[in-house]
Every structure is written in C-alpha cells, then in structure tokens.
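Let us learn to read a few structural features, one at a time.

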Amino acid sequence: MTCRRKPQTAFILSSLFVIQRTCTNMFTKWFTCVSLTVFFQIKHFEVMLMSLFQFTTRRLVSQAYCGLKPPSSKKQRFCLEMARPSSNMADFREVFAKAKHIAIITGAGVSAESGVPTFRGPGGFWRKWQAQELATPEAFARNPSRVWEFYHYRREVMLSKHPNPAHLAIAECERRLSKQGRSVVVITQNIDELHRKAGTKHLLEIHGSLFKTRCTNCGNVTADYKSPICPALAGKGAPDPEVADAAIPVEDLPRCKEDGCNGLLRPHVVWFGETLDADVLTEVEKELDICDLCLVVGTSSVVYPAAMFAPQVSARGVPVAEFNMEATPATNRFRFHFPGPCGTTLPPALARHETELIS
C-alpha cells in the first residue's frame, strides 16, 4: 500500500521551510527550526502507526490461516517468520537492477570500519569528556579552546583515514549508474567526508563536516583542510586523560578571513541541542520522495530525525534494505536486512548487475 502525504501536511512543511529561509528575525528562525524538528517527529509517529497497523494486519491474517488447526511447530514457525525481513541477496539484486533513483542513508558504522573513533559507549571519551559534553553550543561558549582542541584532534585523525570498501562501492555505483540515466544520492549522518574522499558526488551531509567552519559573527561557511587549522592548535588535542587543556587565548583560535570580520570560527557541524539545516532537510525530503529503492547502511536507527527517513520511505511501499552489523529498532519495517560488516556485504549488493549495459 502506498501512503501519500496529505496536501495540508505538505503545505505546512513548505510554509515552515519558506519562513525559515526568508525571515530575518532570529527568534522566528529558531522557532521554525524547532517546528520542523517537531514536524518530523510527528511524521515519524505516523509512520510508526502505519507500520504497527501493517504488522498487526499481517499477524492477524497469518493467525487466521495458521489457526484453522492446532499449528504444528513448522507452521507456527512459518507464521512467526512472515514479518521478518529477507536476507536473500538474489532477490535484492533483482530490485536493485530495476531501481532508477536510489537513496543511501549512512551512519557511523560505515566510518567505524575505516578506524574512525565513534566516541560512543563506555570507551567513547576524549580525555575525561564524552562527545555529548563537548559538542554543544554551551560547551563552546564556556571553553572554545577545549572544544577546538577536541575538533582539531578529530580533524587530524580523519586526515590519516581512508575510505573502506563500503565507501568505494557506493561511489563506484553512483558513477556507473549515472551513465545509465539512473541516480544515487548519499544522505549521511557522518561528518568525516570519507564519502567525498571516495568520490561520491551527490552527497547530503545532514550533520555538517569536520572540514568546514562557520563564523559566529557573520555566518560565513568555508571549507578548510589545513593541518593544523591555525598555528595555536599545532601539537594540541592529545586525547590522553592526563593531558591538561591548552587554554589557548580566544584571539588565537581560528578566525574568520572575510574582509572586516575576524569573528571566531566554530566547526560547521550540528551539535547536540541544535536543529538540522532546513535547506538540507528540504533536499533530503525531495530525494526520499522520488527514490524507488532505499539502503540504510551502518546506522543504529536511533538518532532523530534521521532515524525516521527510511521508515518513511518504507511506509509508502518502497523497498528498503538495511546493511548493519546487527538488527536495529527499525529492522522489521524493512524488506531486506543483511547482517555483517558493511565493507563485506555492500560491495556485492551494489556490483554491476548482469542486465546492465557495459559502458
């Protein structure tokens, strides 16, 4: 069953985006960003209800079928497995061969296979702080030197990392299919730019990039790959707990190069407590509306609003395939699930299909 967005819902969404992009009042911009976040949460709730309805209907039908007689263990097992996603690669490849617009949503699991620290879980510390304590506007306001040390360390680490087979398979697939008039878009939660380094062109970075800065004064966004990003950070940022803060004077931290500005720069990433960029969300929404196949790769499906993207696609009847080390809260809403390292499972999934023309 295909679920179409109600006209009034689309009107509300588009109105919020227009207001957010055109208004000059900062409170209004903040309010509309919050409204957009709430909207996506509500939209996710609607998807959850639809998924629950579909699951319940499927279960009732299977119970009615299997309940005609006291079920044998084999029949009972068949009923219970009806709702499980498939791991049949041949079936996925048939769907892949017919898809014209493929959306690939990626998360930290893809980068982890390149040796990128995730700063999550019991060992996810930089010095004595977890990322959630440093990646906030409040932390930056209190101690911009410490936050810049943290991000300088992450930038330096990423300069030594390379795309893994999953990144490369996605980029190669995009290049190949573009020659056939088919499109691939990568919607990533990662800020490490490994997709870009692999060669991906059509890339939407919903959480920003480690290698971009934004001026806290004029708002200018600039790509910056210098190492170090400023002289004062040279040799700083060691993650060991016993290392003391460098306490770099704020005037020596990265500064804006725009004429007459000289404002303090911050990493152009979405911090905890901040809303996603409305223009990026508009592009994401557009791509998810037209995709006829969606892949979810290396993501836990617990970070919102990104966690609702694939269920939203699945709710309108589009095949969704999950590639992850383990099952996630969203796994049973998808048609396919392929467990294991993405660098192992993804390349054969995206390889040239026998029906593709060689060019």
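Q: What is a salt bridge?
A: A salt bridge is a side-chain nitrogen of Lys or Arg within 4 Å of a carboxyl oxygen of Asp or Glu. Before the cases, some ground rules. This is a predicted model: local features need pLDDT of at least 70, side-chain atom pairs count only at pLDDT 80 or more, and totals for chains, interfaces and linings use all residues. Residues are numbered from 1 along each chain as its sequence is written, and side-chain values use heavy atoms, with hydrogens and water left out.

Q: How many salt bridges does the structure hold?
A: Twelve salt bridges are present. In one of them, Asp-245 and Arg-146 meet through their side chains at 2.8 Å, N to O. Asp-245 lies in the loop between strand S7 (221-223) and strand S8 (265-269), and Arg-146 in helix H8, so the pair ties together parts that are 99 residues apart in sequence.

Q: How are helices and strands defined?
A: They are DSSP runs, numbered from the N terminus: helices are H or I with at least four residues, strands are E with at least two.

Q: Which side chain meets Glu-149 in a salt bridge?
A: That of Arg-127, at 2.9 Å, N to O. Glu-149 lies in helix H8 (residues 144-159) and Arg-127 in the loop between strand S2 (125-126) and strand S3 (129-130), so this pair ties together parts 22 residues apart in sequence.

Q: Is Glu-149 buried or exposed?
A: Use the cut-offs: buried means under 20% relative accessible area, exposed over 50%, partly exposed in between (1.4 Å probe, protein chains only). Glu-149 has 1% relative accessibility, so Glu-149 counts as buried. Arg-127 is buried too, at 4%. Asp-245, at 28%, is partly exposed. Arg-146 is also partly exposed, at 21%.

Q: What about the salt bridge of Glu-205 and Lys-212?
A: Their side chains meet at 3.9 Å, N to O. Glu-205 is buried at 12%. Lys-212 is partly exposed at 25%. Elsewhere, salt bridges that share partners join Arg-127, Arg-146, Glu-149 and Asp-245 into one network.

Q: Which residues of helix H13 are buried?
A: In H13 (residues 342-350), they are Cys-342, Gly-343, Thr-345, Leu-346, Ala-349 and Leu-350. They cover an arc of only 165° around the axis, which puts them on the same side of H13. The arc is that of the directions from the helix axis to the C-beta atoms.

Q: Where is Leu-134 found?
A: Leu-134 is in helix H6 (residues 131-134). At 1% relative accessibility, Leu-134 counts as buried. The C-alpha atoms of Leu-134 and Phe-150 are separated by 7.8 Å, though the two are 16 residues apart along the chain.
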